[in-house]
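Subject: Structure for you to look through

Hello,

After it come my notes on what was found.

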Amino acid sequence: VLVVTITNLLWIHTFLSLCSSLFFLRVQFELWDSDDPIPRQELLKKVKGCDGLLCVLTEKIDAEVLNAAGPNLKVLSTMSVGFDHLSLGELKKRGIRVGYTPEVLTDAVAELTIALLLATSRRLIEATHEAKTGGWGTWRTLWLCGYELADSTVGIFGLGRIGVAIAERLKPFKVKKFIYTDVAPRPELAAAIQAEYVSMDELARQSDFLAVCCALTPETQGICNKNLFSKMKNTSIFINTSRGGVVNQEDLYEALSTGQIAGAGLDVTVPEPLPTNHPLFTLKNCVILPHIASASYTTRNAMSALAANNLLAGLRGEPMPKELQL
Amino acid sequence: MHFAQPVLRVFVTRRIPQEGLELLQRAAVCTVSLWDSDEPVPRAELLKGVEGAHGLLCLLSDRIDAEVLDAAGPNLKVISTMSVGFDHLAIDEIKKRSIRVGYTPDVLTDATAELTVALLLATARRLPEGIQEVKSGGWSSWKPLWLCGYGLSGSTVGVIGLGRIGLAVARRLKPFGVKRLLYSGRQPKPQAQEVDGEYVPLDSLLCESDFVVVSCALSPETQGLCDKAFFTKMKTTAVFINTSRGAVVNQEDLYEALTAGQIAAAGLDVTTPEPLPTDHPLLALKNCVVLPHIGSATYSTRGIMAKLTANNLLAGLTGEAMPSELKL
């Protein structure tokens, strides 16, 4: 008998696909049936003796959890493309396979990144506020003017699937030039969007719009700091939809409040949620969203199904649709 | 002997961006009387200011009707508006008096199409709601179904009025994975081919679209087009976007449609009136995003519009070809 623990709420069809497969596997599954994250103590209790674990990005899967689970655990499936919440070294050591959800969320994330970029550059949040609170007079020539994509240079920090998808969507806005930086050039991806490889310094200097799309690693932790912001144009817009830890938030606050950069849009912060008294909330030119980049009905459905299928394949000892190479 | 040129007089109804004012002043073709304010010229001041003017430079907030034209008198030969819309101009009265009209198409197409897409995305992906939750403490942790919205990927988009702006919007939406691009209007447009646009009757567009974008001019035919019958035909999961003119939409019917769940959400950059009173019911709805008519509001575009408006005016004063003349 295999026991599977699932944390967090899943779509109905995921249950159905799990159940129909479980019938043949004689699997028991246990669900933390809530919209809210499972408390740490509960997680440590419930993973005991599990063969499989399906989690989301709010669970830190480290040595403590893996030890609590014990030697049966052979597959971990996360409903996310990011894996900075997983201790990869510990997982590899124990021979545990890992599934994740790249690609199915690329469209939704790229779309939300552009939504955030435009909301920031065209001052949508300031504008809706003025409309609601009486600041809206009659049409005026320079009121609430923003910065246009037409004729601009867009810089991408970390050129992966999502970075390419963002550039593809920005092209018809008449962007003049795409540039990117990364640990090394990515010629195939760059060719798809005709992007030029530059240093991080050049990316800062040339970009009118800078979008951060890299994974969070020890190398990228806090890499968007005063060193980067001080080199950027004072008319530039900074967008981060990757992971909060990539940005030094104190340095960002400085850059925004002193006019070093024109505006910033964040879908990810440290911590999440960001406390409501955080200084970034006092800035008109900072737009903060609650990590909703992949939040479309179809995408969350697809992520959920993929996470379930990764889990089932892992339990059966078969190839996963999307396995993370450890 | 030195013959003095007749002094051409021009009235400018607002403090327009410097680029435009400087062009007028440097041309040394006319004396400029300027309502030097960011706020609209009051009606009485407008009627006084236009007296004897040869040229009038105005904005869309100035209603130029028979009363204004009569107050101006027979000198008036050119009206130049800093807008692409001209529903604020009494065209018949202007034509009758053989006054030429300049306007600003094309130069604002990119900024307006960009803002239309911005509004569509903000509405479909629930950005203002998300920001509200963040500020009010409603954000607790990542949740699989919280604040989910409607994505463009695999969707059908319907554009009502595939003119310059409608086409520019369609071009920008395409790479988001839009599966079908429908459009309606008085006749099919050859340029629709570029975006694989399908010309369909309005009813079909409404029934089949996940996103309905209104991008037509305001005319007697389009006045109140978006009414109860219109919204009833739309999908309950559809998003409605209007960045054309407020009067194309029946706002009471829109409010009904939004609260009854007949459509999922709406985004408006234009309303009736403008500004919309702060106690208007639409402003209280979570699924309605209202922007204060900022379609063309970028620094570069407003500067270019100002220059074009000034150049149209100067050409009209000196009897030359205008860069952008409105065919009356």
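Before anything else, one definition: a residue is called buried when its relative accessible area is under 20%, exposed when that area is over 50%, and partly exposed in between. Please also keep in mind throughout that this is a predicted model.

With those cut-offs, Asp196(B) counts as exposed, because its relative accessible area is 52%. This residue sits in the loop between β7 (180-184) and β8 (197-199) of chain B, and its phi is near 55°, which is a positive value in a residue other than glycine. A second residue of this kind is Glu103(A), whose phi is near 70°; it belongs to the loop between β5 (97-99) and α5 (106-121) of chain A. Glu103(A) has a relative accessible area of 43%, so by the cut-offs it is partly exposed. Most residues other than glycine have a negative phi, and most peptide bonds are trans.

In chain A, Glu272(A) and Pro273(A) are joined by a cis peptide bond with omega of about 0°, and Pro273(A) is found in the loop between β11 (263-266) and β12 (286-288). In chain B, a cis peptide bond with omega of about 0° joins Glu274(B) and Pro275(B), and here Pro275(B) lies in the loop between β11 (265-268) and β12 (288-290).

Turning to chain A as a whole, you can find 12 helices and 12 strands in it. Its radius of gyration is 22 Å, close to the 20 Å that the globule rule gives for 326 residues, so chain A is as compact as a globular protein of that length. Its C-alpha trace spans about 70 × 45 × 35 Å along the principal axes. Of its 326 residues, 57% count as buried, while the chain exposes about 12900 Å², of which carbon and sulfur atoms supply 54%. If you consider the contacts in chain A between residues at least 6 apart in sequence, 65% of them join residues at least 24 apart.

The domain assignment divides chain A into domain 1 (3-102 + 297-324) and domain 2 (106-288). Their centres, taken over C-alpha atoms, are separated by 33 Å, and 7 residues of domain 1 are in contact with 4 residues of domain 2. From the UniProt record, an unreviewed entry, comes the annotation "domain: D-isomer specific 2-hydroxyacid dehydrogenase NAD-binding", which covers residues 114-293 of chain A. That span is 31% helix and 16% strand, and its end C-alpha atoms lie 10 Å apart. In chain B, UniProt places the feature of that name, also from an unreviewed entry, at residues 117-295; this stretch is 28% helix and 16% strand, with its end C-alpha atoms 10 Å apart.

Which residues have the most contacts inside the largest nonpolar core? That core has 178 residues, and the ones in question are Leu170(A), Phe229(A), Phe238(A), Leu252(A), Phe231(B), Phe240(B) and Leu254(B). Both domain 1 and domain 2 of chain A give residues to this core, so it lies between them. In soluble globular proteins, nonpolar side chains tend to be buried together.

Leu170(A) deserves a moment of your time. Leaving aside residues up to four places away in sequence, Leu170(A) touches Ile114(A), Leu117(A), Leu149(A), Val154(A), Val175(A) and Phe178(A). Leu170(A) is also one of the buried residues of α7(A), among them Ile162(A), Val164(A) and Arg169(A). Helix α7 (residues 161-170) of chain A has 8 of its 10 residues buried, so it is largely enclosed by the rest of the structure. The cover over those buried residues includes α5, β6 (153-157), β7 (177-181) and α8 (187-193) of chain A, together with α7 (164-173) of chain B.

Finally, please look at helix α6 (residues 127-136) of chain B, where Leu127(B), Glu129(B), Gly130(B), Ile131(B) and Val134(B) are buried. These buried residues pack against α5, α6 (124-133) and β12 of chain A, together with α5 (109-124) of chain B. Just after this helix, Gly137(B) takes a positive phi of about 85°.

With best wishes

Terms used
Residues numbered from 1 in each chain as written. Chains lettered and ligands numbered in written order. Predicted model: local features only at pLDDT ≥ 70, side-chain atom pairs only at ≥ 80, totals over all residues. Heavy atoms only, no water. Core = buried A, V, L, I, M, F, W, Y, C linked by side-chain atoms within 4.5 Å. Buried < 20%, exposed > 50% of the residue type's maximum accessible area, 1.4 Å probe, protein only. Domains from an automatic or database assignment. Contact = heavy atoms within 4.5 Å. Helix = DSSP H or I, 4+ residues; strand = E, 2+ residues; numbered from the N terminus. Rg over C-alpha atoms; globule rule 2.2 N^0.38 Å. Areas by Shrake-Rupley, 256 points an atom, 1.4 Å probe, with all protein chains shown as cover. UniProt positions renumbered as here; feature names shortened; annotations may be inferred.
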